[in-house]
Number of protein chains: 2
Amino acid sequence: MPDTSHPPLAVREIGSLHVGGELVTLSGLPLRERVSTPGGPVHQVDPNGEMAVGQMYAQYVRLAAPCSDAPMLLWHGGGMTGANWETTSDGREGWQMGFLRAGLDVFVSDAVERGRAGWAPYPQAYAGEPFFRTAREAWEETFRFGPPGSWHVDPALRRTHPGLRFPAGTIADFMKQCVPRWAVNDEATQAAYDALVQRVGACHLLTHSQGGNFGLTAALHAPDRVRAVISLEPSGAPDPAEADAGLLRGVPHLFLWGDYLDRHEFWVRSLPKTRRWHEALREAGVDSEWIELPARGIHGNSHALMMDDNSAEILAIILDWVARHGLLGSPTTLADAVG
Amino acid sequence: MPDTSHPPLAVREIGSLHVGGELVTLSGLPLRERVSTPGGPVHQVDPNGEMAVGQMYAQYVRLAAPCSDAPMLLWHGGGMTGANWETTSDGREGWQMGFLRAGLDVFVSDAVERGRAGWAPYPQAYAGEPFFRTAREAWEETFRFGPPGSWHVDPALRRTHPGLRFPAGTIADFMKQCVPRWAVNDEATQAAYDALVQRVGACHLLTHSQGGNFGLTAALHAPDRVRAVISLEPSGAPDPAEADAGLLRGVPHLFLWGDYLDRHEFWVRSLPKTRRWHEALREAGVDSEWIELPARGIHGNSHALMMDDNSAEILAIILDWVARHGLLGSPTTLADAVG
């Protein structure tokens, strides 16, 4: 649904790029037959040869007069694509528009093997098989819409956490945003993210879930380019015994968390590791802030914070943090842009 | 590379949606183990349950003051995603920007099983295995960059068609845009495209290659909504013996073709079927135009017309056709939008 309460954005360019990856040669596979289009001819397909492996995708929206030379890079979580920054499952505006309205250029990306990044054959190019997210896993485990045992295929028999802010009636639409994922491509994914940062130059990172560890690591790999790292419920983080948090002095970090984290085994097990990285950052003199929304009186947020019904309120908390760190000028309006 | 020769676009909203598809239940699959993020916990995954199957994705850019209430819907070809409308493989502006500059709202979509649409397990949800495009197939067969036998993994040993307008030195970047495809999902894909047309309402369709048959058929299914169909080298078309071309009176059609079509078996076999549909349209009183660029003195175009080095010239031919059919108002500039 369009938001007509704002002035139009003055946009200089919308475009996209693929970055990272290389042509890899496959061989020894048998020929196959294919009909490419209804009524089209049958033709033989040779699956052997060169194909692109390891690339990622990013779409950019560049404003006519951004308030910063450093765009906001939005990195999705596991089994998702950049689409989750473009809209909510109940059709409200996504955070992409929010950051644009705040005056920042925005890059929305799809990581290696997800969405428009494309994916490559397994086991020839990827070492293992993909995983497909079920609604039960999304509901009861990853996204914390309800407690264990609360999913049911019949909507009338499903239960949510009390006070849940995710629009649970749109779970089918949420599931349409999910894509398969592999568990064997972390190295290629990190390399592609690092290549994206090199390609973009100065940038801010906002990551979600699985994207969290990639973003925190990308900052370690390019502290001269990454101006801030905002991690929305990261599912992992660098190990302080292996990574030098001191490299990140001058790169402010924000960790932001929703509700019900103590009721889900995955989060009970993974959150302390991230907490240790936050503490290592602070001990190293890095400006790192840890926000648990319930401690601020904001209850009911799922792991899909950017889609919860108070997503605009959470975005405002992030924009306030960004502004407090001097990363954001005054919002650019159309009137400013055309001056 | 940004084009600074144009005024900024006045954009009302950028967003996206998924449409079509449904939750399907899978059962009987064995449990698996997964580590979701480096350093994260091992957890058991139950692949059984509900997942989304058959949906497609569309991103929209809505202008503050579009010249038409009907957006341009850009539908990609086989093994591609909407990204091929956003940029060329050598980094020039894509046609998405061209249509926006011309004053039309634009929807760039990913069909079922491609890109941000996501894909579902096979053989449980899809009846067959995917196909992966090799550089040789792209070069010698589908995209007509060179004649049969002209691809070589060593760039120095590759040959192109003489006068080729595709930037052949960027073939590796082109391959990064390619995604896997199935040959068993035409029905679901058509259903999702039809659902997109119903969701959008009045619209113009511009399709490429495999998207061609889907677009021509979508117009048959919704002649009250589809205002025009522009088919860029469609790889198939409805059969006049099975479809009533007369339904499309009042829906102008344009078929547009590049060069070297007589030198590639796939195109030699598929083009006459499309020609028959064009002729059936004309016989039924439909305004259908057939443009072969070489007949206009424009030589060297590949199947990737929207990426060839004269892509702006081809877009201008399409915009001229659109304007001649009264579908396009005067281009909206930022000054118009705020003035």
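The following points describe a predicted model of two chains, A and B.

1. Overall dimensions. The C-alpha atoms of chain A occupy a box of roughly 60 × 50 × 50 Å along the principal axes. A compact globule of 339 residues would have a radius of gyration near 20 Å, and the 21 Å of chain A therefore agrees with that expectation. Buried residues account for 58% of the 339 residues in this chain.

2. Secondary structure and contacts. Chain A contains 8 helices and 12 strands. Among its contacts with a separation of 6 or more, 75% are made by residues 24 or more positions apart.

3. Domain assignment. Chain A is divided into domain 1, comprising 11-19 + 59-117 + 127-338, and domain 2, comprising 21-54. The C-alpha centres of domain 1 and domain 2 of chain A are 35 Å apart.

4. Relation between the copies. Chain A is superposed on chain B by a rotation of 180° with 0.0 Å of shift along the axis, at an RMSD of 0.0 Å. This is the relation of a two-fold axis. Gly115(A) is the residue of chain A that comes closest to the rotation axis, its C-alpha lying at 2.0 Å.

5. Extent and composition of the interface. In chain A, 84 residues are in contact with 84 residues of chain B. Strand β1 (residues 9-19) of chain A supplies the largest share of the side that touches chain B, namely 10 residues. The residues on this side of chain A divide into 37 nonpolar, 28 polar and 19 charged. Because 100% of the interface residues of chain A are also interface residues in chain B, the copies meet through the same surface.

6. Strand β1(A) is joined to strand β1 (residues 9-19) of chain B by 3 bridges, and the two strands run antiparallel. Ala10(A) has Ala10(B) as its bridge partner in β1(B). The strand that contributes the largest share of the chain A side is therefore also one that pairs with its counterpart in chain B.

7. Strand β8 (residues 106-110) of chain A is mostly covered, with 5 of its 5 residues buried. The covering applies to both faces: Val106(A), Val108(A) and Asp110(A) are buried on one side, as are Phe107(A) and Ser109(A) on the other.

8. Pairing of strand β8. Strand β6 (residues 56-63) of chain A pairs with β8(A) in the antiparallel sense over 5 bridges, and Gln59(A) stands opposite Val108(A). Strand β7 (residues 72-75) of chain A pairs with β8(A) in the parallel sense over 3 bridges. Here Met72(A) has Val106(A) as its bridge partner. Both Val108(A) and Val106(A) belong to the side of β8(A) that also carries Asp110(A).

9. Cis peptide bonds. Tyr122(A) and Pro123(A) are joined by a cis peptide bond, with omega about 5°. Pro123(A) is placed in the loop between β8 and α2 (135-142) of chain A. In chain B, the peptide bond from Tyr122(B) to Pro123(B) is likewise cis, with omega near 5°, and Pro123(B) is found in the loop between β8 (106-110) and α2 (135-142) of that chain.

10. Ser209(A) has a positive phi, near 55°, and is a residue other than glycine. Its place is in the loop between β9 (203-208) and α5 of chain A. Within helix α5 (residues 210-221) of chain A lies Asn213(A), which is buried, with 27 other C-beta atoms within 10 Å. The C-alpha atoms of Asn213(A) and Pro238(A) are separated by 6.6 Å, although the two are 25 residues apart along the chain.

11. Backbone of Glu233. Glu233(A) also has a positive phi, about 45°, although it is not a glycine. The residue lies in the loop between β10 (226-232) and β11 (253-257) of chain A. With 26 C-beta neighbours inside 10 Å, Glu233(A) counts as buried.

How values were computed
Residues numbered from 1 in each chain as written. Chains lettered and ligands numbered in written order. Predicted model: local features only at pLDDT ≥ 70, side-chain atom pairs only at ≥ 80, totals over all residues. Domains from an automatic or database assignment. Least-squares fit on C-alpha atoms with pLDDT ≥ 70 in both. Contact = placed C-beta atoms within 7 Å. Helix = DSSP H or I, 4+ residues; strand = E, 2+ residues; numbered from the N terminus. Rg over C-alpha atoms; globule rule 2.2 N^0.38 Å. Buried ≥ 20, exposed ≤ 12 C-beta atoms within 10 Å, placed from the backbone. Nonpolar A, V, L, I, M, F, W, Y, C, P; charged D, E, K, R; others polar.
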